[in-house]
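Colleague: I'm new to this one. Can you walk me through the side-chain contacts?
Modeller: Here it is, and then we can start with a term.

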Amino acid sequence: SYVSQSTDWSQYAAYNEGSRYTRTLVDDGNGKYNLLVLVWGEGQSSPIHDHAGSHCMMKLLDGELQEDLFAWPSESQDEMRLKRTAALKTNGVAYMHDKIGLHRIANPSRQAKAVSLHLYSPPYNVCKTFDEQTGAAAASSCAVVELISNAKPPLSALDITATRA
């Protein structure tokens, strides 16, 4: 399988200081998928969120991330129920879909950023985020923050599984 090399993806690893994370579009897949590089600030996390019916494959390119998996809230539930927590190290992979639950991704390091590669199929721009204390949902924009013009992804950066049909 692909072993992360920063020379393959560093051109996409833009980060806006003060942001939780920055989402940079690598390839829009002709509307069939979005391939994004996310750079996570030190100690930052996403909100608890769904994937709007999309499949999400993630590979950690650098650093470490923590995934907290939550059950979908019920109307009678006051707070979100944590199902499990998993640590991802460099070159680790994860899969997420709404049928599995909801999740939050966090960079536990206070000293270093983390970089991850995400493939969303089909692509989406709006998802739901959830309040951890109440389970209340809100529509949130999941739009790409950064677009890198004139950058071409090297083939190895796109070969997440290193298997071909």
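Modeller: Buried means under 20% relative accessible area, exposed over 50%, and partly exposed in between, using a 1.4 Å probe and protein chains only. This is a predicted model, where local features need pLDDT of at least 70 and side-chain atom pairs count only at pLDDT 80 or more, while totals for chains, interfaces and linings use all residues. Residues are numbered from 1 along each chain as its sequence is written, and side-chain values use heavy atoms, with hydrogens and water left out.

Colleague: Is Trp40 buried or exposed?
Modeller: Trp40 is buried, at a relative accessible area of 2%.

Colleague: How many aromatic pairs are there?
Modeller: There are three aromatic pairs. Rings of Phe, Tyr and Trp (its six-membered ring) pair if their centres lie within 6.5 Å; planes under 30 degrees apart count as stacked, over 60 as edge-to-face and the rest as tilted. One of the pairs is Tyr21 with Trp40, which is tilted, with 4.6 Å centre to centre and 40° between the planes.

Colleague: Where do Tyr21 and Trp40 lie?
Modeller: Tyr21 is in strand 1 (residues 21–27) and Trp40 in strand 2, so the pair ties together parts 19 residues apart in sequence. Strands (E, at least two residues) are DSSP runs, numbered from the N terminus. Tyr21 is partly exposed, at 23%.

Colleague: What about Trp72 and Phe130?
Modeller: Trp72 and Phe130 form an edge-to-face pair, with 5.6 Å centre to centre and 85° between the planes. Trp72 lies in the loop between strand 5 and strand 6 (82–89) and Phe130 in strand 10, so parts 58 residues apart in sequence are tied together. Phe130 is buried at 8%, whereas Trp72 is partly exposed at 36%.

Colleague: New topic: how many salt bridges?
Modeller: The count comes to six, taking a salt bridge as a side-chain nitrogen of Lys or Arg within 4 Å of a carboxyl oxygen of Asp or Glu.

Colleague: Which residues does Arg104 bridge to?
Modeller: Arg104 forms a salt bridge with Asp68, the closest N and O atoms being 3.0 Å apart. That pair joins strand 8 to strand 5 (residues 64–70), 36 residues apart, and both Arg104 and Asp68 are buried. Arg104 also meets Glu132 in a salt bridge (2.8 Å, N to O).

Colleague: And what does Glu42 do?
Modeller: Glu42 forms a salt bridge with Lys113, with 3.3 Å between the closest N and O atoms. Glu42 is partly exposed at 28%, and Lys113 is partly exposed at 26%. Glu17, Glu42 and Lys113 are linked in a salt-bridge network.

Definitions and conventions:
Helix = DSSP H or I, 4+ residues; strand = E, 2+ residues; numbered from the N terminus.
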